[in-house]
Amino acid sequence: MIKIKKLHKKFGKLHILKDISVSCNEGQSIALIGPNGCGKTTIIKCVLGMVVPDDGTIEFNGTSILNAFQYRNHIGYMPQIGRYPDNMTIGQVFEMVKEIRQSNHLDLDLYHAYKLNDLVNKKMSTLSGGTTQKVSAALAFMFHPDVLILDEPTAGLDVLASEILKEKIIKERQKGKLILITSHLLSELDDLVSEIIFMQDGSIRFHKTVEQLKEDTNEERISKAIANVLKKQLNYE
């Protein structure tokens, strides 16, 4: 579904992405993890067409995304920090996006679960970070996308809102969609993902299924398994 080949990106003298090659297919739920500055968000922005790589290619369903935009209609994106016009209300934001997407076939599960229908007259400038995240989550799932890209999706959400979102992610995963998640909270990934891509210094250190990772490390929790791998790679034992 998404195939990245030999991707490179520099910002000035900083080589952010170094020869990245990876394939992500429907039915996979993949965690893209790694320390700050490792290139996770840059990869996502390249896939979304927000950043143009210096070299390499990205294909969506076998077609290059270069100079294309229609493929983005198949992607639901939840940014780590959503930015919306301050003077617009929640209701106006949803109406604006619906008009842009021109679709009446809507998934309103999160919209109602988060009771956003009771907040339609609230201006975006008055919202807490958590409520803004709820708006971003509802918009990401709203148009039944084939691919969901969720950048630190639970950041800023309270415990109940996080559980509601995780249940929704699992539900969409069961439908066979491709889901890409970045997260620093490794403990939250156990029930959500089937594969792990670990990045460091702009490169992919490993790409394994959760089962492979647990078997290789003899650990049951993803966070423990990843820590085990890193200790060996960095000679911390």
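How do the axes of helix α2 and helix α4 cross, and within what distance do they come? A few notes on that and on some other spots in this predicted model.

1. **The α2/α4 pair.** The axis of helix α2 (residues 90-101) comes within 11 Å of the axis of helix α4 (residues 129-141), and the two cross at roughly 20°. That makes α2 roughly parallel to α4, since angles under 35 degrees count that way. As for handedness, α2 passes α4 in a right-handed crossing.

2. **What sits between those helices.** On the α2 side, the contact is made by Ile90, Val93, Phe94 and Val97, while α4 brings in Thr131, Val135, Ala138 and Leu139. Sorted by type, the residues of this contact of α2 with α4 come out as seven nonpolar, one polar and no charged.

3. **Helix α1.** If you colour by accessibility, have a look at residues 40-47. Six of the eight residues of helix α1 are buried, so the helix is largely enclosed by the rest of the structure. Just after α1 comes Gly49, with a positive phi of about 80°.

4. **Thr182.** This residue is found in strand β8. Thr182 counts as buried because its relative accessibility is 2%, and the cut-off is under 20%.

5. **Ser194.** Here we are in the loop between β8 (178-182) and β9 (195-200). Is Ser194 buried or exposed? Buried, because its relative accessible area is 14%, against a cut-off of under 20%. Not counting residues up to four places away in sequence, Ser194 touches Gln28, Ser29, Arg173, Thr209, Val210 and Glu211.

6. **Confidence.** The protein averages a pLDDT of 92, and 98% of the residues score at least 70. Confidence is highest in helix α3 (residues 109-113), at a mean of 98, and lowest in helix α7 (residues 222-233), where the mean is 81.

Methods. Residues are numbered from 1 along each chain as its sequence is written. This is a predicted model: local features need pLDDT of at least 70, side-chain atom pairs count only at pLDDT 80 or more; totals for chains, interfaces and linings use all residues. Side-chain values use heavy atoms; hydrogens and water are left out. Axes are lines fitted to C-alpha atoms, for helices over the stretch in contact, and angles run from 0 to 180 degrees between N-to-C directions. Helices (H or I, at least four residues) and strands (E, at least two) are DSSP runs, numbered from the N terminus. Angles under 35 degrees count as roughly parallel, over 145 as roughly antiparallel, 65 to 115 as roughly perpendicular and the rest as oblique. A crossing is left-handed if the near helix is turned anticlockwise from the far one by less than a right angle, and right-handed if clockwise. Contact means heavy atoms within 4.5 Å. Ala, Val, Leu, Ile, Met, Phe, Trp, Tyr, Cys and Pro count as nonpolar, Asp, Glu, Lys and Arg as charged, and the others, Gly among them, as polar. Buried means under 20% relative accessible area, exposed over 50%, partly exposed in between (1.4 Å probe, protein chains only). pLDDT is the predictor's confidence in each residue, from 0 to 100.
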